Amino acid sequence: MSDADQPEHAAEPGPAERPQPAEQPRPAGQPQPSRQPRPAEEPQPAERPRAAEQVRAAGEPPITEKSPVPLKPETVEKPETGQRQGPAQKPDTAENHGSVGRPPIAEEPRSKRPPWRPARPQLPRPSARPGQLARLLMPAEPPPGPFRRSFWRSPVRGPWLTSMLGLILLGGITILFVTGLLSYASYNPNLGGGNDYTSGKGWLGFYLFSWPTDPTWAYQLNQGLHVTLGLALVPILLAKLWSVLPKLFEWPPLRSPAHALERISLFLLVGGGVFEFATGIMNIQQWYVFPGSFYTLHFYGAWVFTAAFVVHAGLKMPTVIRSLRRRGLLRELRVDTAHTVPEPPDVSSLVPTAPSPPTISRRGVLGFAGAGSLLLVALAAGQSIGGPLRRTALLAPHGQVTGSGPLDFQINVTAAEGGIKPEETGNSWRLTLSREESGTSAPVTLTRAQLLAMPQHDASLAINCVEGWTTGNQVWTGVRLRDLARLAGADNPGAVLVQSLQQHGGHATLSAGQIMNPDSLLAFRVNGVELSADHGYPARVILPASPGVHNIKWVTTMTFRS
């Protein structure tokens, strides 16, 4: 037995004092002899101090109270044999079996995780994946038709085309929203009465202000732009809906709660857009089939649609930027039909899986939609410009009544439609001026002859209607409203309620700016001739830069308030 195999005794010197025999070199290829286990011994108390002396003798730093003491595996004694068992070793595998001399053990599979990366905690798997309820309620395989992606085969459909159309709509709808808010403000709804059709608007009227009367063409420009641009965007909106049509037929329709919220937002966006454009076009054509007031429906619908549009634009803007950068904003416009290829597949499900040969390029789609917009502008802009171009406005309201000669301009409501009786506008007609405040002077009643005896003034003004049409400038003659206010005892009027013989809708509240403007008249003549019954005889209000409905016809009463 070698010295290394001799049992240790307490009286033997430490390793530093006992010389160590030199290790004999072993021939190459010779296996290392296995060591026999040493007999069990009782642990000696002097072993631990001697181990510390060995560490110091080997030149290692001494162990102090502050230095961490390396833990060594303790030996354990087998109860069956009484032998001591050394520290646990790695299990034998095919690699180290020859060196240990024990039967091979099945090698455990190695983990692909690097040794320096901590193991991930094993989380319990959910019992049901998102969308499992939707899969249980509807088949996993989509039904035939548009619900299958192979149904959509146009090679031009994809993120780039949708992004381009979206950018055009982003600019156009922003202008529509701003001009719509200004059009609503021009009614001065804060004055109440017949001006406010949305009494429950609350904070939605935060921006309202007193509508100015200068320049005189302000309302004509705003409303003409709003109506004409709205018509011009119809082909762009239809092209945009065509480009995203596969998204409306996704299967399953509802995959998860988050997907359900996305679908609801798309419903508000698409439904709100179609509702706003449809009601606006019907109002242009004076086709009043609404369940309520057009102003109320269009106003609240605009806020719902705009809110959904802003959220959608914010979520899709990174996709728009990425798509336009990938294919270029102008580079794609130079690609003809022969060189048009589908876009790379993406997560939007817009790119077809089995595209058909191209029959039109992407610039062709944009050009086709743009040509449709220009055609609608050419057929509608004349009604907002007036003059000779009025005859080119084929999309203007059909069946409008016009006068003849000097009275040849649009009539929105005829005397018969307003329920005006001839005897009410004859010699018995009177104009009553009064004050709203109690304790003031008695009302003033004037005949038409007395009004014609007052100082008369001329004003060249156009009547501009919310439907987008204009009469063009006509020369009106009458009495200034501010002179009538002084005659009623209101030297500093804040507003005036004008009432008419018209049975429905013949009233409006005018602001102080409208009263005090020198071009605001109670007119009796136009273009040098007397007003006709359809144009408001015996007297009508004419205002600069105001909606047409505020130019009240067949006026009977004017009530001023401070």
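Student: How many salt bridges does the structure hold?
Tutor: This is a predicted model in which local features need pLDDT of at least 70 and side-chain atom pairs count only at pLDDT 80 or more, whereas totals for chains, interfaces and linings use all residues. Residues are numbered from 1 along each chain as its sequence is written, and side-chain values use heavy atoms, with hydrogens and water left out. With a salt bridge taken as a side-chain nitrogen of Lys or Arg within 4 Å of a carboxyl oxygen of Asp or Glu, the number of salt bridges in the structure is 12.

Student: Is E250 buried or exposed?
Tutor: Buried means under 20% relative accessible area, exposed over 50%, and partly exposed in between, with a 1.4 Å probe and protein chains only. Because its relative accessibility is 11%, E250 counts as buried.

Student: How does D408 count by its relative accessibility?
Tutor: D408 meets R390 in a salt bridge of 3.8 Å, N to O. R390, at 16% relative accessibility, counts as buried. D408 has a relative accessibility of 28%, and therefore counts as partly exposed.

Student: What is the volume of the largest cavity?
Tutor: A cavity is a set of points on a 1 Å grid over the protein atoms alone where a 1.4 Å probe fits but cannot get out, and lining residues have an atom within 4 Å of a point. Grid points are joined across faces, edges and corners, and a volume is the space filled by probe spheres set on the points. The structure holds two cavities of 30 Å³ or more, and the largest has a volume of about 640 Å³.

Student: Which residues lie nearest the centre of the largest cavity?
Tutor: The lining divides into 18 nonpolar residues (Ala, Val, Leu, Ile, Met, Phe, Trp, Tyr, Cys and Pro), one charged (Asp, Glu, Lys and Arg) and 10 polar, the class of the others, Gly among them. Of the 29 lining residues, those nearest the centre are L176, G180, H226, E276 and H298.

Terms used:
1 Å grid on protein atoms, 1.4 Å probe; cavity = no way out; pocket = protein on both sides within 12 Å on 5 of 7 lines; lining within 4 Å.
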